[in-house]
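The sequence and structure follow.

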Amino acid sequence: MTNSPAPLVLYYCPGTCAFVPMLALELAGAQYTPHPIDLRKGEHKTPQYLAVPPAGQVPALSVGEEHLIQLVAIVDYLAGQFPHAEILPADPIARARAMATLVWFNSTVHATFGRIFHPEGCAPDEAAQAAVRSAATAQYARLLDEIEARYQAAQQAGAPWLSGARAGVLDAYALCCVRWGELVGLAAADRPHLLAQLRKLADEPAFARAIAREGLPLP
Ligand SMILES: N[C@@H](CCC(=O)N[C@@H](CS)C(=O)NCC(=O)O)C(=O)O
């Protein structure tokens with residue numbers, strides 16, 4: 001076990017993108033307290049939680065008295081704090097490439113689900129919301145192709161995982177997005193290669209721990 005200088009508390013909800021920093025903590029062998037926040041019950045909008053990370057979303061990571069939000073920033077913090085775990089590559093170019101993929105998941109693929117699950121944030125009336133959801137769903141279908149293509153490209157370059165030789169945060173984000181796709185009828189079932197690869201994540205010890213903690217099945 002590796003000790004961080006300050007106690008770490010990860011605020012998460014099973015099935016959300018908080019799985020990505022949870023995986024980073026597990027890769028690091030960090031001591032942390034997982035603090036579940038039930039989004040369906042609205043626990044992320046309670047005054048108690050809003051007082052912790054002002055955004056009212058998961059993930060959030062408390063580091064002693066400090067509160068970090070935004071998945072990319074949390075992963076970057078953990079990568080710096082636990083260099084032995086190689087949460088992000090040490091080589092600057094490889095790290096920049098990994099960050100580019102992490103940001104692509106966060107700002108493009110994940111953001112698409114924001115419009116699928118909450119079109120009311122983009123359009124005032126129901127017809128317009130249906131159009132937003134439909135367009136975003138079609139966009140995710142194309143992005144799912146790209147996720148699969150990125151796995152193929154990685155494997156052609158000799159790496160089994162998006163994160164390289166060992167499965168990591170990029171693969172965790174891919175898993176999250178593929179799971180969300182299932183919820184909107186865009187399962188990866190017709191992509192047997194991608195599905196088989198993601199199912200192998202259960203054999204990776206850090207993933208196995210995070211998956212067990214969430215209590216959710218793989219796609
Ligand atoms: N940009 C944020 C997005 C976080 C986010 O979208 N979290 C979702 C769960 S995956 C959430 O908390 N949704 C509830 C809400 O926004 O009210 C990040 O990268 O941390």
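A crossover counts as right-handed if, with the strands pointing away from the viewer, the path from the first strand over the helix to the second runs clockwise. Strand S1, helix H1 (residues 19-28) and strand S2 form a right-handed β-α-β unit; helices (H or I, at least four residues) and strands (E, at least two) are DSSP runs, numbered from the N terminus. The model is predicted, so that local features need pLDDT of at least 70 and side-chain atom pairs count only at pLDDT 80 or more, whereas totals for chains, interfaces and linings use all residues. Residues are numbered from 1 along each chain as its sequence is written, and side-chain values use heavy atoms, with hydrogens and water left out.

S1 (residues 8-12) runs parallel to S2 (residues 32-36), joined by five bridges; two strands pair if DSSP finds at least two bridges between them. Leucine 8 has tyrosine 32 as its bridge partner in S2. With strand S3 (residues 60-63), S1 runs antiparallel through four bridges, and valine 9 stands opposite serine 62 there.

## Burial of S1

Five of the five residues of S1 are buried, that is, under 20% relative accessible area, with exposed over 50% and partly exposed in between (1.4 Å probe, protein chains only). In a regular strand the side chains alternate between the two faces of the sheet. One side of S1 carries Leu8, Leu10 and Tyr12 and the other Val9 and Tyr11, and both faces are covered.

## The largest pocket

A pocket is an open set of points on a 1 Å grid over the protein atoms alone, where a 1.4 Å probe fits, with protein on both sides within 12 Å along at least five of seven lines; lining residues have an atom within 4 Å of a point. The largest pocket holds about 1100 Å³ of space. Its lining comprises 35 residues, of which Thr16, Cys17, Leu39, His110 and Trp180 are the closest to its centre. Helix H4 (92-117) and helix H6 (169-183) each give two or more residues to this lining, and H4 gives the most, with six.

Domain 1 (8-85) and domain 2 (92-204) each supply at least three lining residues; the domain bounds come from an automatic or database domain assignment.

## The second largest pocket

About 440 Å³ of space lies in the second largest pocket. Of its 21 lining residues, Ala98, Leu162, Ser163, Gly164 and Leu170 lie nearest the centre. H4 provides the largest share of this lining, four residues.

Note on methods: Points joined across faces, edges and corners; volume = space filled by probe spheres on them.
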